[in-house]
Amino acid sequence: VCSHSGQVFGFGSNRQSQVLGMVSTSNLSILEPAEVEGVRGAGALKVCAGVSNSGILTESGEVYLWGGNRALSGSAAQLEAKIKASKQVKTKNTCKITKLAIKDKVVSLDFGPTHCIAVTKSSVLSWGSNTFGELGRDSKMSTLPGPVDDIDQKTASAVEALSCGRNYSIIADSESLLVWGRGLRGVLGTGKPQNEPKPVAVKVLHHTYSAIRLVTRMIGEKVSNVSCGAMHTLAVTASGKLFACGSK
């Protein structure tokens, strides 16, 4: 939870430090909202949560991550800012929060259960699990951000909406969608329930069970927001119409 003042609060299971950015035998479960003190003063603008990792996008375009699972394992440990309690956190625990090493200012951020996507004005970056192509690039798994294939600076700078689902990703500008990853039950809106390891533009006006194809080229309709779930996807247009695809 992010407050208007930029404070970040969390609650729930903290077994992999996904709530507080630190863990001890006394805080394995956080039963009511508690402040994530390790990012106090960072100016949080948005919060994201995966299965066992959390993160924030700040007003200045920086990304901080904490928690476990594939999105923050392996070589990502090289980026961990192991902040001692005496410096930033008024507890006896060591706070392990990563300030992500991204050169450009991040303008949008989202997490799926086991992967993450960040958008800058020059590129779309992904990291985490890539079992079904959800990273949009050639990598079995990536613990460091890398550019999604076939997305140039012009495309990245036009992104207006971003969402990560279970093993798939979608970005949208005002006229079209780019989709990639697991296509189970038609969640990608391509008209076929198949995986797409690289970004595919969805621009065809065609009535199928993947009704999201209606969004991108309808006269007078522009995509304003998109949200990915586990097995379905929703898209909203500027006129307030809602479209869906995937499992019913």
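Glu37 is partly exposed at 21% relative accessible area (buried is under 20%, exposed over 50%, partly exposed in between, with a 1.4 Å probe and protein chains only).

A word on the model: it is predicted, so local features need pLDDT of at least 70 and side-chain atom pairs 80 or more, while totals for chains, interfaces and linings use all residues. Residues are numbered from 1 along each chain as its sequence is written, and side-chain values use heavy atoms, with hydrogens and water left out.

## Lys198 and two aspartates

Asp138 meets Lys198 at 3.9 Å, N to O. That pair links distant parts of the chain, 60 residues apart: Asp138 is in the loop between β10 (124–129) and β11 (141–147), and Lys198 is in strand β15 (residues 196–202). Strands are DSSP runs of E, at least two residues, and helices are runs of H or I, at least four, numbered from the N terminus. Asp138 is exposed at 69%, whereas Lys198 is partly exposed at 25%.

Asp149 also forms a salt bridge with Lys198, with the closest N and O atoms 3.2 Å apart. Asp149 sits in the loop between β11 and α2 (153–157), so its pairing with Lys198 in β15 ties together parts 49 residues apart in sequence.

## Cysteines

How many disulfides are there? The count is zero, taking a disulfide as a pair of cysteine sulfur atoms within 2.5 Å. For Cys164, the closest cysteine sulfur is in Cys228, 7.1 Å away and too far for a bond. Cys245 has its closest cysteine sulfur in Cys228 as well, at 8.4 Å, again too far. Cys164 is buried at 5% relative accessibility, and Cys245 is buried at 3%.

## A nonpolar patch

Leu234, Val236 and Leu242 make a nonpolar surface patch of about 220 Å². Patches take residues with over 30% relative accessible area and no salt bridge, joining like charges within 9 Å and nonpolar side chains (Val, Leu, Ile, Met, Phe, Trp, Tyr) within 5 Å; areas come from the Shrake-Rupley method with a 1.4 Å probe, and for residues only the protein chains shown count as cover. Leu242 belongs to strand β18 (residues 242–246) and is exposed at 55%.

How values were computed. A salt bridge is a side-chain nitrogen of Lys or Arg within 4 Å of a carboxyl oxygen of Asp or Glu.
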